[in-house]
Amino acid sequence: MKRIYMFMLLAWSLALGAKAQQVVLGRIINNKDSAVIADGSVVITSTGGFRRVVSTGDNGYFSVALPEGRYRALASSVGYASGVLDFSVPVKGSLLIGLDAADNQLMDVMVNTGYQVLDRTRSTGSFSKVSSEQLNQQVGRNVLDRLEAIGNGLNVDRATGTEGRISIRGLSTIRGPKEPLIILDDFAYSGDLGNINPDDVESITVLKDASAASIWGARAGNGVIVITTKKSRFNAPLAIDFSTAVGVLEKPDLGYEQRMSSADFLGVEEFLFGKGYYTSVVNSLYKQPLTPFVELLLLHSEGKLSGGQLADSRAAFSSLDVYDDFDRYVYDKGVNQQYSLRLSGSGDRNSWSVSAGFNRNMDNLGLTDKRSTLRFSNTFNILKNLQLSSIFTYSDARVKRGRQGIGEIVSYSGLYPYARFADEAGNALPIVKQYRGTYLSSPATARLLDWSYYPLLDHTHTDNSSGLKDLNANFDLTYRLPFGLKTSLKYSMEEQRASSALLQGRDAYYTRDYINSFTQVPASGAVVYPVPVGAILDSRESTLKSEQYRGQLDYSGSWKEHQVSALVGFEWRRAVTEGSSSRVYGLDTDKLNAGLVDFTRLYPNFVNGGSSYIQNGTSFDLKRNNFISQFANLAYTFRDAYTVSASARADASNVFGISTNNRWRPLWSAGVAWEVTRMPFFKFDFVDFLKLRATYGMSGNVDPGMVGVSTIRYPGISAFTQSPYAVFDKYSNPDLRWEKVGMFNAGVDFNLWKGRLSGSVEYYSKQADDLFGMFPIDYTTGVGSAIIKNVAKIKGNGLDIQLNSNNLSGGFKWQTTLNFSANKDRVVNYYVPNTLGSSFLQSGASVSGIEGLPVYAVFSYQWAAWTR
């Protein structure tokens, strides 16, 4: 009987406890349009040290059981300023907390690493975030053009490549891939950044240090750029957005750079002629060209031209500047046109958006670039805690080349500055190209095709076009488990189809030159054309198919003064690239027929008599790359002030050596952060936020072109056996392994005067080791005097500063952002096979390889005051 009474007493006590608590429901919304805010966080506090943290789902709702009393709720979400609501329990109805968009305050910024969304105030890594608003304030054809000026720690290198290459905190490799890893909606993206419509971008996060980027492992050595596209929020009305932009590109100022004048150039030519510099060229069997003035100097030396005539010609040449002709006939104004349309809507369980974009751009040389994009995203709450998201993106880009510009119109050894493209009436004139003018006008070439080169006409006989179609699909199935756990399965597929066609008509200089080089002219009878007279068509088709799978388990929890976030997962990626190339000779575009060519015979060169085969442009290629990864990340915060973080990842690939240890590359990072403004001793009222942080870690770099086993390739059909033949492509290199990059980063983040001024200052140093470089070997092995091994090393350091200011707020807003980045690198280990001075004076940027000097050092012969 006593047991029965005790049981009844216990049940009554539990009932009283249950009655004293109430399940409080709430929702977070955007104050601007009342749309719900997904994936928010609500911290509920009360007297006596009570603290509880709950998260909102994708529908913006949260629930928590609370006993009677007074409470304060602090709500926060990505890109919004925190909101506070005081309430009492019991409460009637549900809570509604409104948030305003963050106003460029560092302490309200969240960042996306591609694996998780982090609160920047509790992170240890180095991030640079660009919002869609900042991106749309920039003028540019694509994401890269707009990101260049506003991405801190990021620059575009145009010194080592004409197209411009993104660089994050300088070089991390010498011979390997130098481009950063691009992440689009949580997956590695293999396509061109130009295929991404800037109006579809919600935010871009640049992961700069090892703590931020090492979670991406062996492909993160050059930094990571995470692009997140726009998605519709739940319970938002139908919205239609349309934008258009038209920009005009002014002609480049070709007189901005100081160059040697024509008069000075003529003086140099006369000096060299007097020293016999051109004697070997004059007597060459290859009929190498001489500039017009050197030809006149030769005639004068032979007594065929008077001194007065030479002086008059020199004066006429001195008055010419080829850049005037570039400005008058080649370069013109360009125009960029961009159109974008986006529709979005949602309900309680489903949100969707559809967008389309069209760009048409024409540059200063008449190159036309047309791009169409179509994107559809959908998020569906299947069950209370089960959500399926999908994104489909299609792009179609077409490029057609225009006129040849500076650096493309060249003579045999550069373009002489007094060249003329047209006469006074605007009629096109030929310039010296590959052979001497006296030879081309001699009877020896009378029966050949015209061998003259007309820069202003050549592009009219050439059609150089390319196209790229890209289809990308992402799927994300997420289930929220109890106790702060969340599991997700993600899948991504991408298929690219690229094509290019270079049609060089019968009158194009390349076509005429190639036909003439093989032409046979007998003493009597008809001219023989081993290369048929007609156009030459080079075609290329390639397909990239890639798949990525990811399984991931996340945890986020807090109790009292502790907060923990962690994730663990695996990833598998496969990429298959197939391609084929072909060449057709003697093409008649009207009759759609082509000529026959014998690729098995050796033909004498018309000019020098040397024998060679006619180029067979047919080729096929196939590449398969497989990657598998395991990763984990952990962050712990104590009292919202002290944070430690660590991450680890192991990558494996089929491209590296015989040893399993070389196929795998374990990478890691660790970091600490201290929010000083949380300390009781910190009493500076004008400082809203101050955090010190430091990290160190290892990331990697992989070049799919490097393999550890011997490989062969089949370049074509043997002219002797009439069957396929093989050559060695790569030699056995069992010790080949991943490149690795270690980086130390120290920084301070601050927010002053209620967000009036915010920013960060960071110093970093990094060492790239096990880099691919040439290594000398015994040449009697039969594979050459050097092979590529992991023997090179470089070091670098730099400084990143970002300052944000809110100058005016209210109806009229004025904000400024200042980015400053400095970087210096030097070679530590590198083998230089050729130490001749002339090898370091090549045109264009080249790797110096000299230990202690920058990777792309610039050299000059010692002269005047230049002694070092």
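## Terms and model

Buried residues have under 20% relative accessible area, exposed ones over 50%, and partly exposed ones fall in between (1.4 Å probe, protein chains only). This is a predicted model, in which local features need pLDDT of at least 70 and side-chain atom pairs count only at pLDDT 80 or more, while totals for chains, interfaces and linings use all residues. Residues are numbered from 1 along each chain as its sequence is written, and side-chain values use heavy atoms, with hydrogens and water left out.

Let's start with the charged pairs. The structure holds 30 salt bridges, each defined as a side-chain nitrogen of Lys or Arg within 4 Å of a carboxyl oxygen of Asp or Glu. One of them links the side chains of Glu495 and Arg497, with an N to O distance of 2.8 Å. Glu495 counts as partly exposed because its relative accessibility is 21%. Arg497 also counts as partly exposed, at 46% relative accessibility.

Lys691 and Asp749 form a salt bridge through their side chains (3.8 Å, N to O). Lys691 lies in strand 31 (residues 687–701) and Asp749 in strand 34 (residues 739–752), so this pair ties together parts that are 58 residues apart in sequence. Strands here are DSSP runs (E, at least two residues), numbered from the N terminus. Lys691 is buried because its relative accessible area is 1%, and Asp749 is buried at 2% relative accessibility.

Asp800 belongs to strand 36 (residues 786–808), while Arg169 sits in the loop between strand 12 (165–168) and strand 13 (181–184), so the bridge ties together parts that are 631 residues apart in sequence. Both Asp800 and Arg169 are buried.

Three strands in the order 4-1-7 make up an open sheet with mixed pairing; two strands pair if DSSP finds at least two bridges between them. Strand 4 (61–67) and strand 7 (95–99) are at the edges, each with a single partner strand, so one side of each has no neighbour in the sheet. From one strand to the next, the twist averages 30°, with axes fitted as lines to C-alpha atoms and angles running from 0 to 180 degrees between N-to-C directions.

Strand 1 (residues 21–30) and strand 7 run parallel and are joined by five bridges. Ile28 stands opposite Ile97 in strand 7.

Methods. Helices (H or I, at least four residues) and strands (E, at least two) are DSSP runs, numbered from the N terminus.
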